[in-house]
Amino acid sequence: MAESFGDLLAGGVGGLANVVAGQPLDTVKVKLQTFPSLYKSSLDCVKKTYFNEGILTGFYAGSSPAYVVSLIENAVLFLVYEYSVNLVKWVTNTKTEKELPIVYHATAGAVACIPATLTYAPMDRVKSLMQVQREIGQTTEMRLSQTGMFRQILVNEGVPGFYRGLTSLLYREVPGYFCFFYGYAGSVKLLASPEESRDNMSMWKIALAGGIAGCGFWGIMYPCDVVKARIQVKQELSGSFFRNMAIILKEEIKHKGVRSLYRGLTATLIRSFPANGALFVTYESTKRLYGNFIHNGVLE
């Protein structure tokens, strides 16, 4: 029980670090995905957001729900991930985590993301809508707070409105987190010296492995994220996930080419490396501190 609480705590704190490091460019990503015709490039979006909205109301729009989303997502994600890894070790009679094949880590991550996604999906919808309030016609005076956006979704769409885009979210998360944890476990194994494991290796190696994992996730799954963002934000998209996906992909490829599905990818990769490096450094550091406290009664 104490170990599980440590995983939950470390995942939540790591999620907060991820938002602190990456929120501004996450806003740029969502703007480019949902309203690509308004911006020529990531840099153009940065400039227009800064001059039209400022730093706090522009780049940090939706930061409150972003903190909630990331805290919940990563707390549940890492709790279930560590449990799944330990279960696989027990079933396969593997003594140490280092001996586990990388694909088992990846599979554990893919499984862990399902309950995590179901938990944080409502706040992810709130965050996405808050990030594009200017683009959907809301003046500065009309912009809604987190509570106001939550209430608006509930009144206009009911409880199902919070889960709008859930299917596309799962289609992004399950294969995405397989790649994410494959990249992390593979990088840790590659970077670790013979006497090192995830529990004692240098933090710069943890940061590098986390950055590689994040870039792998987004580099592979980015088009799915475009579909997810459009469904969450644009009310005219109704019907099944596959119908919406077909409409979005057909429209984008026909009018703008395949490259349009990767608009905002540069900003996302630039954001992803430090953000996920911070996530894993904070996660592993918190786990070690918590472990020292539980076993020795001291924080080192």
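Q: How many cavities of 30 Å³ or more does the structure hold?
A: Bear in mind that this is a predicted model. Rolling a probe the size of a water molecule over the atoms shows where empty space is left. With the cut-off at 30 Å³, the count of cavities in the structure is one.

Q: What volume does the largest cavity have, and which residues are closest to its centre?
A: The volume comes out at about 400 Å³. The lining is made of 26 residues, and the ones closest to the centre are N18, E73, R172, W218 and R271.

Q: Which element gives the most to the lining of the largest cavity?
A: The elements with two or more residues in this lining are α1, α4, α5, α7, α8 (203–233) and α10. By class, the lining splits into ten nonpolar, six polar and ten charged residues. With seven residues, the top contributor is α1.

Q: How much space lies in the largest pocket, and which residues are closest to its centre?
A: The space in the largest pocket is about 630 Å³. Its lining has 30 residues, and closest to the centre are E82, E97, R198, D199 and K287.

Q: Which element supplies the largest share of the lining of the largest pocket?
A: Two or more lining residues come from each of α1 (2–34), α4 (63–91), α5 (102–131), α7 (166–191) and α10 (265–296). The largest share is seven residues, and they come from α10.

Q: How many residues of the pocket lining are charged?
A: Sort the lining of the largest pocket by class and you get ten nonpolar and seven polar residues. The remaining class, charged, holds 13.

Q: Is the aromatic pair of F178 and Y182 stacked or edge-to-face?
A: A pair of aromatic rings is described by the distance of the centres and the angle of the planes. Among the 18 aromatic pairs counted, F178 and Y182 sit 6.3 Å apart centre to centre, with 25° between the planes. Planes under 30 degrees apart count as stacked, so the F178 and Y182 pair is stacked.

Q: Are F178 and Y182 buried or partly exposed?
A: Both residues lie in helix α7, four residues apart, about one turn of the helix. Buried needs under 20% relative accessible area and exposed needs over 50%. F178 has 30% relative accessibility and Y182 has 40%, so F178 and Y182 each count as partly exposed.

Q: Which element gives the most to the largest nonpolar core?
A: This core has 29 residues, and L77, F78, F180, F181 and F280 touch the most other members. At least two residues each come from α4, α5, α7, α8 and α10. With seven residues, the biggest giver is α8.

Q: Which residues does L77 touch, leaving out those up to four places away in sequence?
A: L77 belongs to the largest nonpolar core and is among the members that touch the most others. Its contacts are G109, A112, C113, A116, Y177 and F181.

Q: Why does L166 count as buried, and which residues is L166 in contact with beyond four places in sequence?
A: L166 sits in helix α7 and is included, along with A121, V132 and F162, in a second, separate core of 16 residues. L166 counts as buried because its relative accessibility is 18%, and the cut-off is under 20%. Its contacts are T117, L118 and A121.

Q: Which residues does S70 contact, leaving aside neighbours within four places in sequence?
A: S70 is found in helix α4. S70 is buried, with a relative accessible area of 5%. The contacts of S70 are G15, L16, N18 and V19.

Terms used
Residues numbered from 1 in each chain as written. Predicted model: local features only at pLDDT ≥ 70, side-chain atom pairs only at ≥ 80, totals over all residues. Heavy atoms only, no water. 1 Å grid on protein atoms, 1.4 Å probe; cavity = no way out; pocket = protein on both sides within 12 Å on 5 of 7 lines; lining within 4 Å. Points joined across faces, edges and corners; volume = space filled by probe spheres on them. Nonpolar A, V, L, I, M, F, W, Y, C, P; charged D, E, K, R; others polar. Phe/Tyr/Trp six-rings, centres within 6.5 Å; stacked < 30°, edge-to-face > 60°. Buried < 20%, exposed > 50% of the residue type's maximum accessible area, 1.4 Å probe, protein only. Contact = heavy atoms within 4.5 Å. Core = buried A, V, L, I, M, F, W, Y, C linked by side-chain atoms within 4.5 Å.
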